[in-house]
Amino acid sequence: MNSDLAINGGAPVRDTFLPFGAPHLGEEEIAEVVATLRSGWIGTGPKTQRFETEFAEYVGSQYAISVNSCTAGLHLSLLVNDIGPGDEVITTAMTFAATANVIEHCGARPVFVDIDPISLNIDPAQIKAAITPRTRAIIPVHFGGLPCDLDVIVEIANQAGLIVIEDAAHAVGTRYNNRMIGSIGHLTNFSFYPNKNLTTVEGGMITTNNETWANKLQVYRLHGLSRDAWKRYSSHRLMLSHAILPGYKYNMTDVQASLGLHQLRKLERFLEVREQYASRYDEAFARFPGVTLQPRPITPGMRHGLHLYVLILDPAHFSIDRNEIINALLAENIGAALHYRALHTHPYYQEKYGYKPEDFPHAYQVGERILSLPLTPAMTDADVQNVIQAVEKVLTYYHVGS
Ligand SMILES: *Cc1c(COP(=O)(O)O)cnc(C)c1O
């Protein structure tokens with residue numbers, strides 16, 4: 001192997017770029033989309049309804065309400081609880097911008113809490129400390145697909161009269177104490193964005209066991225009308241719909257659900273492949289000096305959904321920083337990525353609330369040291385081997401000390 005790094009002019013580990021999080025779409029998805037396009041009903045309709053039913057069965061929730069993104073779902077989850085100006089919502093500092101943006105959309109205040117530096121999930125002890133009389137909800141994120149300690153978080157919430165709205169964008173297929181994520185918290189939000197474990201291009205799902213919220217969500221997601229278009233159309237009778245509130249335009253379409261139906265059927269197989277590939281990464285990286293991995297539960301009642309496979313680099317062991325290491329991997333044609341810089345260090349949140357990086361030291365530190373490797377069932381064994389080769393090549397080159 002040529003040990004000259006591609007970023008220094010050497011030959012890259014592979015000739016073609018391996019993208020981060022490529023979707024795995026098969027002929028079944030394509031045929032279903034085509035059939036939907038030919039059916040005469042392409043908007044929200046029977047396939048969206050079937051996808052909701054099958055998704056609820058999969059996670060074991062009573063209700064599943066489809067939306068056009070996880071962000072929309074999180075927004076509505078706050079709105080159906082009348083969360084607005086003067087209210088506070090607690091969330092993790094180690095997450096994607098959407099998790100906190102939706103709190104801002106409601107006019108409420110996001111209150112960040114630090115992570116546990118090992119699990120990378122929100123630290124329940126610090127949630128307790130952040131509760132004030134204005135706190136209304138907690139939004140935990142199952143980071144990378146590792147389940148948060150939900151029993152503890154739900155208990156804290158119940159004691160304080162708060163709602164738990166999970167950001168489960170990484171956690172479709174994640175299991176916690178023998179229950180699927182989506183069946184535990186008050187409201188759970190999944191993402192079907194292109195690089196997520198299951199994709200509908202854009203899309204999301206809200207699950208809940210609460211009938212009142214489920215009914216409200218159906219009204220809020222489509223203009224605030226008391227009946228959706230498909231129900232009116234399929235009844236073959238004039239059915240009046242009433243605008244009962246100024247709702248949103250957050251509905252999923254049958255074209256998207258056509259993908260979702262088949263992706264859901266394949267999901268368990270996808271998760272097995274993710275697990276296989278992650279095990280090969282573990283073998284290669286677990287003992288690499290200066291590299292820490294996110295732990296994965298080994299008890300059968302728990303399952304890491306493996307949306308992300310992350311490396312945390314100890315800067316004492318490398319002569320360049322994390323950003324430069326990602327650039328070196330990209331030059332090798334490996335689509336390494338960054339999830340995430342701590343949210344409280346981003347200009348909007350820093351300037352509006354005066355946060356300093358050290359306010360949440362673990363999230364800050366992890367956010368400066370973390371990187372994500374490509375991990376998707378669309379990859380071949382050879383792709384996995386290329387990732388391992390490139391990471392070993394780059395990290396060995398820049399390694400310092402013993
Ligand atoms: C992807 C993602 C979202 C947003 O999902 P969309 O479906 O794109 O709205 C929210 N939170 C986290 C943690 C994510 O990774």
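I call a residue buried under 20% relative accessible area, exposed over 50% and partly exposed in between, with a 1.4 Å probe and protein chains only. The model is predicted, so I took local features only at pLDDT of at least 70 and side-chain atom pairs only at pLDDT 80 or more, while totals for chains, interfaces and linings use all residues. Residues are numbered from 1 along each chain as its sequence is written, and side-chain values use heavy atoms, with hydrogens and water left out.

**Entry 1. I115**

I looked up I115 first. At 0% relative accessibility, I115 is buried. I found I115 in the loop between β3 (109-113) and α5 (124-130). My helices (H or I, at least four residues) and strands (E, at least two) are DSSP runs, numbered from the N terminus. I also checked I115 against I298. The two are 183 residues apart in sequence. Their C-alpha atoms are 21 Å apart in space.

**Entry 2. Ligand**

Which residues come nearest to the ligand? I noted T71, D167, H170, S191 and K196, out of 16 residues around the ligand. Near here means that a heavy atom of the residue lies within 4 Å of the molecule or strand. Two helices, α3 (70-79) and α4 (97-105), each supply at least two residues of the shell around the ligand.

Next I listed polar atoms around the ligand oxygens. An N or O atom in the side chain of S191 is 2.7 Å from an oxygen atom of the ligand. For C70, a polar backbone atom is 2.9 Å from a ligand oxygen. For Y340, a side-chain N or O atom is 3.0 Å from a ligand oxygen. The ligand on its own has 380 Å² of accessible area, and the protein covers 93% of that. I used Shrake-Rupley areas with a 1.4 Å probe; for residues, only the protein chains shown count as cover.

Then I checked the pockets. The ligand takes up the space of the largest pocket. The search used a 1 Å grid over the protein atoms alone: a pocket is an open set of points with protein on both sides within 12 Å along at least five of seven lines, whereas a cavity is a set where a 1.4 Å probe fits but cannot get out, and lining residues have an atom within 4 Å of a point. A molecule sits in one of these if more than half of its atoms lie within 2 Å of its grid points.

**Entry 3. Helix α3**

Why is α3 largely enclosed by the rest of the structure? Nine of its 10 residues are buried, so the rest of the structure largely encloses α3. The buried residues include C70, A72, G73, L74 and H75. S69 caps the N-terminal end of α3. A side-chain oxygen of S69 lies 3.3 Å from the backbone nitrogen of T71.

**Entry 4. Cysteines**

How many disulfides does the whole structure hold? I found zero. A disulfide is a pair of cysteine sulfur atoms within 2.5 Å. C70 is in none, and its nearest cysteine sulfur, that of C148, is 13 Å away. C106 is in none either; its nearest cysteine sulfur belongs to C70, 14 Å away. C70 is buried at 8% relative accessible area. C106 is buried at 8% relative accessibility.

**Entry 5. E88**

I moved on to strand β2 (residues 88-92), where E88 lies. E88 is buried at 8% relative accessibility. Its side chain makes a polar contact with the side chain of T132 at 2.9 Å. A polar contact is a pair of N or O atoms within 3.5 Å; within protein, one must be able to donate a hydrogen and the other to accept it, and residues adjacent in sequence count only if both atoms are side-chain atoms.

**Entry 6. Loop between α10 and α11**

A336 is in the loop between α10 (322-331) and α11 (347-353). A336 is buried at 8% relative accessibility. A336 and L371 are 35 residues apart in sequence, with C-alpha atoms 6.9 Å apart. Y340 lies in the loop between α10 and α11. The peptide bond joining H339 and Y340 is cis, with omega about 0°. N333 is also in the loop between α10 and α11. Its phi is near 75°, a positive value in a residue other than glycine. N333 is buried, at 15% relative accessible area.

**Entry 7. H223**

Most residues other than glycine have a negative phi, and most peptide bonds are trans. Is H223 buried or partly exposed? H223 is partly exposed, at 38% relative accessible area.
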